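Open the model in your viewer and get ready to select by chain. This tour goes from one interface to another.

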Protein chains: 4
Amino acid sequence: MTDGIEDFGLSCGSLPAGALNAITDVAGVRVGHVTLRDGDINTGVTAILPHGGNLFRSKVRAASEVINGFGKTVGLVQLDELGTIETPLLLTNTLSVGTCATALIREAIRQNPDIGRRTGTVNPLVAECNDGPLNDIQALAINEAHALAAIEAASEGPVEQGSVGAGTGMTCFGFKGGIGTVSRRIRLDGRDHHVGALVLSNFGRAGDLVLPDGRRPDPRRATEAESGSVIIVLATDVPLEHRQLKRVARRAGAGIARLGAFWGHGSGDIAIAFSIADPVDHDEKRGLVQTQVLNESRIDLLFQAAAEATQEAVLNSLLASPAFKGRGGAHRPSLADWLRANV
Amino acid sequence: MTDGIEDFGLSCGSLPAGALNAITDVAGVRVGHVTLRDGDINTGVTAILPHGGNLFRSKVRAASEVINGFGKTVGLVQLDELGTIETPLLLTNTLSVGTCATALIREAIRQNPDIGRRTGTVNPLVAECNDGPLNDIQALAINEAHALAAIEAASEGPVEQGSVGAGTGMTCFGFKGGIGTVSRRIRLDGRDHHVGALVLSNFGRAGDLVLPDGRRPDPRRATEAESGSVIIVLATDVPLEHRQLKRVARRAGAGIARLGAFWGHGSGDIAIAFSIADPVDHDEKRGLVQTQVLNESRIDLLFQAAAEATQEAVLNSLLASPAFKGRGGAHRPSLADWLRANV
Amino acid sequence: MTDGIEDFGLSCGSLPAGALNAITDVAGVRVGHVTLRDGDINTGVTAILPHGGNLFRSKVRAASEVINGFGKTVGLVQLDELGTIETPLLLTNTLSVGTCATALIREAIRQNPDIGRRTGTVNPLVAECNDGPLNDIQALAINEAHALAAIEAASEGPVEQGSVGAGTGMTCFGFKGGIGTVSRRIRLDGRDHHVGALVLSNFGRAGDLVLPDGRRPDPRRATEAESGSVIIVLATDVPLEHRQLKRVARRAGAGIARLGAFWGHGSGDIAIAFSIADPVDHDEKRGLVQTQVLNESRIDLLFQAAAEATQEAVLNSLLASPAFKGRGGAHRPSLADWLRANV
Amino acid sequence: MTDGIEDFGLSCGSLPAGALNAITDVAGVRVGHVTLRDGDINTGVTAILPHGGNLFRSKVRAASEVINGFGKTVGLVQLDELGTIETPLLLTNTLSVGTCATALIREAIRQNPDIGRRTGTVNPLVAECNDGPLNDIQALAINEAHALAAIEAASEGPVEQGSVGAGTGMTCFGFKGGIGTVSRRIRLDGRDHHVGALVLSNFGRAGDLVLPDGRRPDPRRATEAESGSVIIVLATDVPLEHRQLKRVARRAGAGIARLGAFWGHGSGDIAIAFSIADPVDHDEKRGLVQTQVLNESRIDLLFQAAAEATQEAVLNSLLASPAFKGRGGAHRPSLADWLRANV
């Protein structure tokens, strides 16, 4: 287990973390990675499964927020029209979204032979960041088998962070970025609920990072454009309707901004929020369905959790990533090293 | 009671109408008009109350769709963020939106003395069309008392249509337009439900109107720009979440298009849809609230109802309006006269 | 050359057509098809190239409108953030979007070896309809070579319509649908300009189709849900900024509605509009760039053209499609046959 | 002249300020205030004029971003459809938006007697925050004369900040808030350009404020909900199309988030951005109009300016506001006092 921000004396907000401080604190959520590291190939796939069952049959309610749309995410049009996710969510490099989408389609057909026959089609969900500076992205190294392997590897419990899965070749504020995750515990009607975040961090100009204590770590690289993107996945067990999920997803942008980013032109900053409560049955027969929604006047709890969790998850993605040598010898320092050297 | 489209051998779609064929077929919905006709003054206010109680305390779920935004509707920002309506909805002429908004604010404070003191503020909802060609709109003839009188006049039961209330000075496809209303009855889980529409029609180029049978009535006026706007209010007792209400509201645009309009540049075409089911308690204390939503796979019933009802409500607004002489003697023929002359 | 709507005594609106009455009346626009017909395989790819050069280097200004988002179009997030198209636009079946996206990426890299190395990544653009009722869509029969072949086949001049390319296995209002195209000629500042439309028609419930003369052709099939989608591509040589292109794209929905559709729940109805005027140089060095925009008060010309062209292009897609036997012997009648039998 | 953030050893980012460090560094922009302080009445109006001429005749290009829509701004529907501002922008308290809208309408008619007669209607633009905690907002103390007086008071040059105009009764992070303004100077094609910001600050939970150096000033008030709103007006002389202006407006949210806010549920956080370059002539006769747009690859300069300027303008609004006693003796401390006591 890598050090978290508290091991460096940092904190993001005031809400407590869940038991694992990971998106998997939301019951049933699973995460799996496939990592490719071979010479100039430094990339991978990360799969997030809202639950362990058949997602096409039992969809989860979801919404997305395009913070900055210089990105190639696949699946958002239908996600926001219908308010559901019906496949695993795959994260990968920018040029592999097509391959991952096809893998999700093939896997959904395998599990649901009625797709495109006696029922409708399936909406694959794939998000990406550009790992070109550290990975030979033109090689299109990810194939469908990698995508399926990430799904098969998905499990509950602790989540590996840093330069793993889709995070393998990512850069963030000039430091080595990648996968980070946290959770927040909130109370409603006397019961515990969770908000979890998992980020794929690949954004931020070198020199722009601001720590929660106001310090500005310097990766000693020339200032360059904010590009590369960040994907933020928010999960919760609080029942939320689409409009509420979209409001929550939007707050991921606040977490990013607190780190010093301004959602740069070349950065595809996308947040996707889903709730595992009250899944939507593909074969529902009733005309009207009972469900629950959050009393809107309590939603600040989720907004705060989303902003704090996003901020901390990005920091975790940095802290969990050791210094890295990528394509053509390109080097990325580790934020953890900087913090140890600047106590 | 004026003739409806069936009296002229026309029909819009296949769904049956409710008992009144009016928005008031949705139980509890109330409509009231105040009409000003005095020389060059030909204008008014129409109030739509989703229910007869305190709307600020018991809000109804709602969404809007801006079909074409050359319009000055007040209140849509909050309506779509929070998904609720918390005042009566007032329709009036374009330059009177400010006055009507202030009237709604004052009335909400009278009923809820905690507004702006121990609770938040109130979001007034006012929509408009430009009746300038038939009304001395620069006179700003509507005052706060008129707005309140329309609210007080609101009642369940049959709705007066045509050149009444906000519809007094409106023009549609070169004919006299105004207020029109219809309803559709749909069945879900073995129970009857309703979708009602009320329109304020003031759009469409002369000569562009297409009747359901393909005929193109000619008001014998020179072709002019499509301008002036149309407001479509859709009410239902089917429980719908915000995203679903927005999808339904959007279908009002299909109803408008079927009449031959293309949502002209100068036309403020706005649809507002609300559901009286599961109102939102301003003082809700629970964190999670039970509610119902429509099984999405049945929503085509509401889409069809929304499109058909909008189309027919516009035709009703035309048929209920006799030939009219307005500001400076400007004349508008009646579609009913054209139909009687062109059997 | 197949018969157009005028050969059947029909017309959509009043604007004149261009020389070819095809999207290729917009100078430089190219269209190419690859058609797969082999037993239960009835599908294909259609490529639309805004110009014949390197689209990544010389992007065209564009916008999209999601009329109903039950669809899997790839590339819209970035298209609307940046307002440009930078690859050919491919149309295909729903489950082949991933493969077509990968083909576009590979081709863009081939032409621009700096992608993902010394410049950013590329945003592939793929739209789709579900041809599952007539095609063994689970076979994923489209491969990258088919996608490239459609691009290579693209040419100026007349466009093949009906059951060709992506249109091979499509169904529309219970009749055989597919590819349709038209154009409109408009005048600005004393010069001719064009608006072209190309549709992939796969929407509409059997029995809902309304002809411009009010007739309702009956394909003699049981009423079924409106599903399957329609993609509308609008091209113009009028210089338009993103906001204007989005307004124009939205009017495609009016054209669809005039045909009797209400943008059904299960239908992915997506419009994409682009202008070939003032392309955006990927390597632009100046900070400020001279461009032209349309005087907004003339935009009704484009709205009317977009609505009329969409309506007629769908009718063309039907008229150009002979009766068809697809997967498992499923039969689709031809609208042209119905019209010949119902003079 | 009040102290700025640099007088307290603080800074927001790296871009230089303009000569006045005010929105009026954008040439021609004018600001005027009317302040009402009388017992429990603590409110006012602030007018922002993009230029000194007839705004209805010569509109400025604009866009808005609804960061969180718990707000009652008037005029955004048309602003974003047409991409222009055509009246002064008035800021005031929440319940006075109707009155201010009517004042703008009457003034526009006075200047343009063709409104609603021989040309279309006018779209008034009014934004608001809720000053109820310090002002007897139920009194509706603002009348049309106040609104006009703010417009008449508008001038180029230094801008009064703090508890003035619409800012009179505002609260921000538990401290006294109000009006704040700054500017940033950027270079394009060898010439200086400016981005100016003016905020009306009334948001943020007490205790949540984070200074640029990481400190968290404590106003010694119980934590309460983030409510009350913030309006951010961004002006520039860089030519930007609507899409670009909307992207720039969105970055105001980043500036707000950096201060510790998460765009609370009850906060109406609205940004409006306009460019004084290439105004739109209401009476334009040409079909196509020459204009300039920013090379998109330079837009990070404006994003950074918008985020930094918003952050600093809020701090200025706090620093310029002395401790305040409002309605019923409610007290708000001054951030400047806290900073002087916590060097």
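A salt bridge here is a side-chain nitrogen of Lys or Arg within 4 Å of a carboxyl oxygen of Asp or Glu. Across the interface of chain B and chain D, that rule finds two salt bridges. This is a predicted model, in which local features need pLDDT of at least 70, side-chain atom pairs count only at pLDDT 80 or more, and totals for chains, interfaces and linings use all residues. Residues are numbered from 1 along each chain as its sequence is written, chains are lettered from A and ligands numbered from 1 in the order in which they are written, and side-chain values use heavy atoms, with hydrogens and water left out.

**Stop 1: chains B and D**

Select D136(B) and R117(D). They form a salt bridge, with the closest N and O atoms 2.7 Å apart.

Now show the whole contact (heavy atoms within 4.5 Å). Chain B gives 39 residues and chain D gives 39 residues. Together they bury about 3,400 Å², 58% of it on carbon and sulfur atoms. Buried area is the accessible area (1.4 Å probe) that two parts lose on being put together, summed over both.

**Stop 2: chains A and C**

Move to chain A and chain C. Here 39 residues of chain A are in contact with 39 residues of chain C. The buried area is about 3,400 Å², with 58% on carbon and sulfur atoms.

Pick D136(A) and R117(C), whose side chains meet in a salt bridge at 2.8 Å, N to O.
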